[in-house]
Amino acid sequence: MFRNYFKIAVRNLWRNKGFSAINIFGLALGIATCLLIMLYVQNELSYDRYNEKADHIVRVVFRGKMQGGEIKESNVMPPVAQALKKDFPEVLEATRIRSNGFHRVSYGDKMFKDDALAFVDSNFFQVFTLPLIRGDAKTVLLQPNTIVISRSVAQKYFGNNNPIGKVLVFKDDKTALTITGEIDEVPVNSHFHFGLFASMASLPEAREESWMSSNFYTYLVLPKGYEYKKLEAKLPQEIDKYIGPQLQKGMGVTLQQFRKAGNNIGLYLQPLTDIHLHSDFTGDMEPYGDIQYVYIFSAVAIFMLLIACINFMNLSTASASKRAREVGIRKVMGSVKMQLVRQFLLESLLLTTVALVLALGIVYWALPVFNMLTGQNISLHFTSSPWVIPALVLFGLFTGILAGSYPAFFLSSFNPIAVLKGRFTGGKKSIGLRSGLVVFQFFISISLIIGTTVVYKQLSYIQHKKLGYDKNQVVVIEQSGALGRNDEAFKQELLTDPRVINVSESGYLPAGNSFGNNYMAYPDEHSTQLIKALRYDVDYSYIPTLGMQIAKGRNFSKEYGGDSTGVIVNETAAKAFGWGQSAVGHTISHTDNDGTKYNYHVIGIVKDFHFKSLHELITPLVMIMSNDYSTIIAKVKTGDIKGVLASMKNKWAKFTTETPFTYSFLDDRFNATYKAEQNIGRILGIFAGLTIFVACLGLFGLATFTAEQRTKEIGIRKVLGADVTGLVSLLSKDFLKLVLIAFIVASPMAWYVMNKWLQDFAYRINISWVVFAVAGLAVVVITLITVSYQSIKAALKNPVDSLKTE
């Protein structure tokens with residue numbers, strides 16, 4: 001019986017080649033899109049789950065509110081790990097990471113760069129599942145000046161030789177570290193990636209007892225099944241126990257006074273598996289994902305699959321007249337309803353199987369492009385996991401049954417007497433359902449078009465918004481610390497080139513990765529009025545080099561000997577301190593971790609500029625003169641960028657040959673800040689296009705069947721004098737009505753969703769009516785193009801051919 005079903009299914013699919021091709025291609029695109037997004041979602045949800053203790057590791061984070069802004073930091077104070085381990089028996093292990101950036105490393109006469117270094121506690125490899133190829137996890141980092149390296153670093157430095165016992169010299173701080181272990185690579189789906197892990201015992205600040213500075217990522221291992229919120233509820237007592245006394249000693253302010261002034265701070269816990277998708281902290285080791293985008297893409301995957309399945313349902317029920325006599329004869333010959341249902345479901349499953357195979361080919365072809373767009377490293381291997389093949393089989397079965405169930409029951413329910421007498425009609429219910437499904441398809445398509453348009457308009461707004469500084473034609477020369485005391489000479493050498501307008505030196509940049517120190521200060525000796533600000537260490541030419549504007553007062557100048565105790569504040573800081581535009585001449589005070597008090601007099605107010613992402617409001621900022629630099633910033637003229645860079649490289653080589661000349665452009669660093677949004681915009685645009693295309697495939701098929709069913713009507717109308725324009729309008733207006741209904745339903749829903757997305761930006765566009773008008777017009781034009789071919793073809797047909805059988 002199954003063999004007979006199969007043969008009939010193949011014959012029917014072959015007989016209706018156009019119908020089959022539209023369905024197969026539409027389903028293949030829907031399945032491929034769904035598979036791609038499922039791979040992306042699975043990858044995003046898998047972050048840090050490679051750790052054997054992933055479900056009971058938490059990270060300690062620091063949150064608070066102070067005058068001047070909200071504190072959300074992913075790193076905490078040096079003694080937190082030890083204190084929590086000592087004070088709470090439920091903390092089984094506590095370990096820390098201190099990210100130390102990129103370093104110049106030498107071995108013998110070889111110099112290497114661009115390997116990320118982290119200082120970690122000796123129990124780090126017992127907390128995180130990073131198996132050692134060489135060395136003992138319990139002892140590799142017990143001693144100071146020891147280091148564990150990754151397999152790729154070992155291969156780069158030593159080839160196939162055993163690296164254990166070799167000594168690496170870190171040129172920046174002249175430190176020599178002995179290799180005691182080698183690990184495999186840190187998995188791609190980890191929230192940190194380092195090639196060098198040095199012993200925390202090598203770091204003097206790791207032993208500090210200060211609770212007033214935050215630089216250490218701290219992780220706790222809790223008992224399996226323990227509810228971390230129970231421990232989190234106990235953490236306020238740690239603030240009272242440790243921070244309270246140090247706050248009073250350093251600043252003369254009690255914790256009660258601090259809180260009474262409207263401030264509040266605290267330690268909180270974050271599950272390890274939440275870090276990648278549920279973080280909103282500053283100072284994370286790597287850019288994190290966003291669970292919101294996981295939800296958006298998951299919805300797109302489901303909708304794309306539904307649209308493809310809807311095509312199948314619509315085309316199958318619309319073409320029911322072609323199968324009506326077959327059903328009638330089968331029923332007269334003794335077939336029961338369930339036999340017919342199985343027959344039609346088998347046809348659906350056969351078609352879905354072909355579509356699934358084609359979809360897998362599309363996925364393999366599209367994965368490199370998809371990875372480039374998303375910044376992921378996703379792959380699909382049938383042997384990578386035992387669940388892949390069963391999952392694909394179940395997915396194919398589910399899709400086939402979802403797409404074929406309604407047509408199967410609809411076709412098998414025909415009355416045999418009626419259809420054999422030629423009195424078959426599709427029925428108002430089936431027409432109504434088809435119309436509803438078409439509306440749903442275009443509801444999704446229009447929503448995606450509106451969403452994509454809003455994303456692009458917001459990105460355009462970001463690109464063209466006045467930032468308060470000039471990001472164009474600014475060259476950022478990195479690793480200037482390698483110049484040593486020659487940095488000033490190198491800057492003067494750059495200025496001899498007429499194409500270089502200005503040069504500054506500071507590791508504090510308003511775009512991209514930058515230094516950033518939290519700075520607790522109070523105005524005019526009012527120690528209870530603590531303000532949280534960000535501190536920039538700059539030189540005399542920083543403000544003019546970046547095109548910033550002084551609103552009041554003056555810039556730092558060599559003509560004033562007292563500028564070492566001068567400070568420039570931004571407009572937001574001037575307001576936060578209570579001075580407004582009259583800040584010049586006032587004093588701000590800051591107490592260091594060791595209790596040393598510093599007083600600075602305000603010499604100027606710089607106009608507010610965006611030194612954070614536009615997701616965040618501008619917060620208080622203070623600029624202080626300092627010579628602790630690592631980056632040179634050069635403003636250059638347009639026209640000969642290649643020549644300027646070549647000249648800079650040659651001048652760099654005069655002062656150092658050990659460190660290669662590396663640079664970036666400030667505008668590129670700015671754009672990289674919004675890479676996630678740019679990727680989302682591109683991906684949504686592609687998926688919106690695909691949904692429109694798949695929906696139009698179904699619309700084309702429906703238009704074809706509609707034209708066939710109305711052939712005689714069109715012939716009669718032409719005989720009675722109807723022109724081509726009127727007939728095309730007649731055949732198209734029903735589809736346009738459905739698109740109009742979809743537009744009316746989709747517009748408010750899309751506005752709500754995208755307005756909610758925009759709330760994540762402190763600076764954002766308003767969604768105007770133009771967005772909806774463009775989306776509606778685009779869909780109407782696409783619909784007309786899709787259905788007009790069949791409409792025009794039917795309208796131009798000779799009426800004699802359609803009426804000669806009557």
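Residues are numbered from 1 along each chain as its sequence is written, and side-chain values use heavy atoms, with hydrogens and water left out. Because the model is predicted, local features need pLDDT of at least 70 and side-chain atom pairs count only at pLDDT 80 or more, whereas totals for chains, interfaces and linings use all residues.

The secondary structure of the protein comprises 24 helices and 22 strands, taken as DSSP runs numbered from the N terminus (helices, H or I, at least four residues; strands, E, at least two). Of the 806 residues in the protein, 52% are buried (under 20% relative accessible area, with a 1.4 Å probe and protein chains only). Contacts are defined by heavy atoms within 4.5 Å. Among contacts between residues at least 6 apart in sequence, 79% join residues at least 24 apart.

Aromatic pairs were assigned to rings of Phe, Tyr and Trp (its six-membered ring) with centres within 6.5 Å; planes under 30 degrees apart count as stacked, over 60 as edge-to-face and the rest as tilted. By this rule, the count is 29 aromatic pairs. The ring centres of Phe124 and Phe192 lie 5.9 Å apart with planes at 55 degrees, so this pair is tilted. Phe124 belongs to helix H4 (residues 124-127) and Phe192 to the loop between strand E8 (175-183) and strand E9 (196-199), so the pair ties together parts that are 68 residues apart in sequence. Phe124 is buried, with a relative accessible area of 0%, and Phe192 is likewise buried at 0%. In the pair formed by Tyr536 and Tyr542, the ring centres are 6.3 Å apart and the planes stand at 90 degrees, so the arrangement is edge-to-face. Both Tyr536 and Tyr542 are buried. One aromatic cluster is formed by Phe124, Phe125, Phe128, Phe192, Phe194, Phe197 and Tyr219.

The axes of helix H15 (residues 487-495) and helix H18 (residues 641-655) come within 10 Å and cross at roughly 150 degrees; axes are lines fitted to C-alpha atoms over the stretch in contact, and angles run from 0 to 180 degrees between N-to-C directions. H15 and H18 are therefore roughly antiparallel to each other (angles over 145 degrees). Ala489, Phe490, Glu493 and Leu494 in H15 meet Met648, Lys651, Trp652, Lys654 and Phe655 in H18. The residues of this contact divide into six nonpolar, no polar and three charged, where Ala, Val, Leu, Ile, Met, Phe, Trp, Tyr, Cys and Pro count as nonpolar, Asp, Glu, Lys and Arg as charged, and the others, Gly among them, as polar.

Conventions: Parallel < 35°, antiparallel > 145°, perpendicular 65-115°, else oblique. Buried < 20%, exposed > 50% of the residue type's maximum accessible area, 1.4 Å probe, protein only.
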